[in-house]
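Work through the exercises below with the sequence and the model open. Each task is followed by a solution in steps.

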Amino acid sequence: MLTALYIVLSYISIPLPGINGKIAFSGLPVIFVAASFGLIDGLAVATLGSFLMQVFQYGISITTPMWMIPPILRAVVIGIVSQIFFKKNDRLSNHKVIFGITSIVAGLVVTGANTLATYIDGLIFEYDAAITWISTILRFVTSLITTVVLTIVCYPLCRRIEKWFLDSN
């Protein structure tokens with residue numbers, strides 16, 4: 001179900017005027033699942049969701065696996081931190097500051113991976129890769145804004161759903 005949500009949210013974004021960027025919401029299910037259920041579940045949603053989103057939006061090409069890596073990296077970063085808390089019989093969502101820092105670091109890793117993927121894609125399909133490097137700063141600003149928004153939305157969501165889930169078991 002959260003993989004389907006990933007795909008739907010891939011089509012929803014808020015344009016950021018003046019910086020040629022947008023706030024995208026597809027990372028929300030990955031953050032939620034990786035933080036609440038751990039690395040393996042986060043990887044499952046990120047991998048399947050990014051694959052299906054690539055197929056639906058762009059079709060399959062030689063670069064499809066490369067474009068799947070950024071969301072997978074988000075799941076890895078958040079999932080590893082979440083697993084550390086699970087081993088201590090705790091939850092990442094019990095630590096607001098660490099949750100926020102982890103989410104922001106994951107978002108910046110995603111942006112770095114997307115920037116590299118854009119550069120490689122430009123080399124493969126021979127478009128002007130210099131534009132990628134010029135827009136890198138704007139991509140990181142957009143990423144930071146997006147990640148802060150996703151963290152603000154996801155943190156209380158994780159807390160409420162985890163509380164409901166733990167209370168019902």
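**Aromatic pairs and charges**

Phe99 and Tyr155 are both buried. The model is predicted.

**Exercise 1.** Find how many aromatic pairs the structure holds, and classify each by its geometry.

Solution. The structure holds 2 aromatic pairs. Step one takes Phe32 and Phe37, whose ring centres are 5.8 Å apart with 85 degrees between the planes. Planes over 60 degrees apart count as edge-to-face, so this pair is edge-to-face. Phe32 is buried because its relative accessibility is 6%, whereas Phe37, at 34%, is partly exposed. Step two takes Phe99 and Tyr155, with 5.2 Å centre to centre and 75 degrees between the planes, again edge-to-face.

**Exercise 2.** State which helices the pair of Phe99 and Tyr155 links.

Solution. Phe99 belongs to helix α5 (residues 96–125). Tyr155 belongs to helix α7 (residues 136–168).

**Exercise 3.** Which side chains meet in a salt bridge, and what parts does the pair tie together?

Solution. The count is 1 salt bridge. Its partners are Glu162 and Arg91, at 3.1 Å from N to O. Glu162 lies in helix α7 and Arg91 in the loop between α4 (64–87) and α5, so the pair ties together parts 71 residues apart in sequence. Buried means under 20% relative accessible area; therefore Glu162, at 5%, is buried, and Arg91, at 18%, is buried.

**Exercise 4.** Over the face of which residue does Lys88 lie?

Solution. Lys88 lies over the face of Phe85, 5.8 Å from the ring centre.

Note on methods:
Residues numbered from 1 in each chain as written. Predicted model: local features only at pLDDT ≥ 70, side-chain atom pairs only at ≥ 80, totals over all residues. Heavy atoms only, no water. Phe/Tyr/Trp six-rings, centres within 6.5 Å; stacked < 30°, edge-to-face > 60°. Buried < 20%, exposed > 50% of the residue type's maximum accessible area, 1.4 Å probe, protein only. Helix = DSSP H or I, 4+ residues; strand = E, 2+ residues; numbered from the N terminus. Lys NZ or Arg CZ within 6 Å of the ring centre and 35° of its normal. Salt bridge = Lys/Arg side-chain N within 4 Å of Asp/Glu carboxyl O.
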